[in-house]
Amino acid sequence: MSPSDAVSRLFDVAGKHVVITGGTRGIGRMIATGFAAAGARVVISSRDAEAAAQAQDELRTVGAVTALVGDVSSPANARALAAAATDVLGTLDVLVNNAGVTWGAPLDSFPESGWDKVMHTNVEGLFHFTTAALPALRAAVETTGDASIINIGSADGINVPTMESYSYGASKAAVHHLTRHLAKRLAPERIRVNAIAPGLFESKMTKFVVQDATAKQAIDATIPLGRFGTADEIAGMSIFLGSSAGRYVTGAVIPVDGGLVGCGPAAPVAVTDGKLAPAARS
């Protein structure tokens, strides 16, 4: 075997069974596209039947993708979605907990609904879906000796967010700690648990920034690498964690953010009248 063949085998995910919650758009879709293009069998989900059908049609031009209608916003819904995904795939080699929501509002008027919805989906939903999927993950371990859970956290769960998204940042910090707790518990079962903490990628969640040229320029200036992330960059990290290349990695929270967490912001940014703009320097 040549050195290049050996490296390729390390990152090979062909034939792996992968489920990605909320994988019809945004970062979840980027990850789904990467796994499907690499030969994995992928299940994605959406609360919206029309969005699920459209994403399935589009992604099937890339690889083997099935879209299910479901969500993780309640324990019952999370269990039902896990059962449906297991019916399609059988065993489960890689679980990507990507489904998430955000909410922004001023501190003095931040609504209870904006707290509860984010926590129910981003933290509780992740936990309940994971526990429901454990039998399928354990079955994969019996076959291949390894299974991987990848939780999608956020750089905002490490850094203090600029925007007033109180429940979102707190929920992602909780995801990071839950990742470490699950990793410790499941390591003896050879189920690895890691989190990716993305920075800024173009998605529905960041659409308000991308559409406003001034805000986009201000945000780009804060990122040490000077730009938003691309689809192949988030997919590449996910494939690493889901493949043999990542078999000695568990309990890690890995920023994929252009250096925001590791280096700190390259330039200050301010929020004025609810809009992002370069901050005035003293």
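Predicted model: local features only at pLDDT ≥ 70, side-chain atom pairs only at ≥ 80, totals over all residues.
View 1. Methionine 163 is found in the loop between strand S5 (147-152) and H6. Is methionine 163 buried, partly exposed or exposed? Its relative accessible area is 30%, so methionine 163 is partly exposed. Buried would need under 20%, and exposed over 50%. Look next for proline 106. Methionine 163 and proline 106 are 57 residues apart in sequence. In space, their C-alpha atoms are 9.2 Å apart.

View 2. The protein chain has ten helices and nine strands. Its radius of gyration is 19 Å, close to the 19 Å that the globule rule gives for 282 residues, so the chain is as compact as a globular protein of that length. The C-alpha trace spans about 60 × 45 × 40 Å along its principal axes. Buried residues make up 45% of the 282 residues. Among contacts with a separation of 6 or more, 71% join residues 24 or more positions apart. The chain exposes about 13200 Å², and carbon and sulfur atoms supply 56% of that area. It carries 23 positive and 25 negative side chains. The centres of these two sets lie 5 Å apart.

**View 3. Phenylalanine 11 and phenylalanine 240 form a tilted pair.** How many aromatic pairs does the model have? The count comes to two. In this one, the ring centres of phenylalanine 11 and phenylalanine 240 are 6.5 Å apart and the planes stand at 40°, so the pair is tilted. The pair links distant parts of the chain, 229 residues apart. Phenylalanine 11 is in the loop between helix H1 (3-10) and strand S1 (17-20). Phenylalanine 240 is in helix H9 (residues 231-242). Phenylalanine 11 has a relative accessible area of 38% and is partly exposed. Phenylalanine 240 is partly exposed too, with a value of 24%.

**View 4. Phenylalanine 110 and tyrosine 166 meet edge-to-face.** The ring centres of phenylalanine 110 and tyrosine 166 are 5.7 Å apart, with planes at 80°, so the pair is edge-to-face. Phenylalanine 110 lies in the loop between strand S4 (94-97) and helix H5 (112-144), and tyrosine 166 lies in helix H6 (residues 166-186), so the pair ties together parts 56 residues apart in sequence. Which side of the burial limit does phenylalanine 110 fall on? Phenylalanine 110 is buried, at 18% relative accessible area. Tyrosine 166 is partly exposed, at 33%.

**View 5. Arginine 190 has a positive phi.** Most residues other than glycine have a negative phi. For arginine 190, phi is near 65°. This residue is in the loop between H6 and strand S6 (191-198). At 45% relative accessibility, arginine 190 counts as partly exposed.

**View 6. Lysine 216 is a buried residue of helix H8.** Lysine 216 lies in helix H8, which covers residues 213-222. Its relative accessibility is 18%, so lysine 216 counts as buried.

Notes: Residues numbered from 1 in each chain as written. Heavy atoms only, no water. Phe/Tyr/Trp six-rings, centres within 6.5 Å; stacked < 30°, edge-to-face > 60°. Helix = DSSP H or I, 4+ residues; strand = E, 2+ residues; numbered from the N terminus. Buried < 20%, exposed > 50% of the residue type's maximum accessible area, 1.4 Å probe, protein only. Rg over C-alpha atoms; globule rule 2.2 N^0.38 Å. Contact = heavy atoms within 4.5 Å. Areas by Shrake-Rupley, 256 points an atom, 1.4 Å probe, with all protein chains shown as cover. Lys, Arg positive; Asp, Glu negative; His and termini not counted. Charge placed at Lys NZ, Arg CZ, Asp CG, Glu CD.
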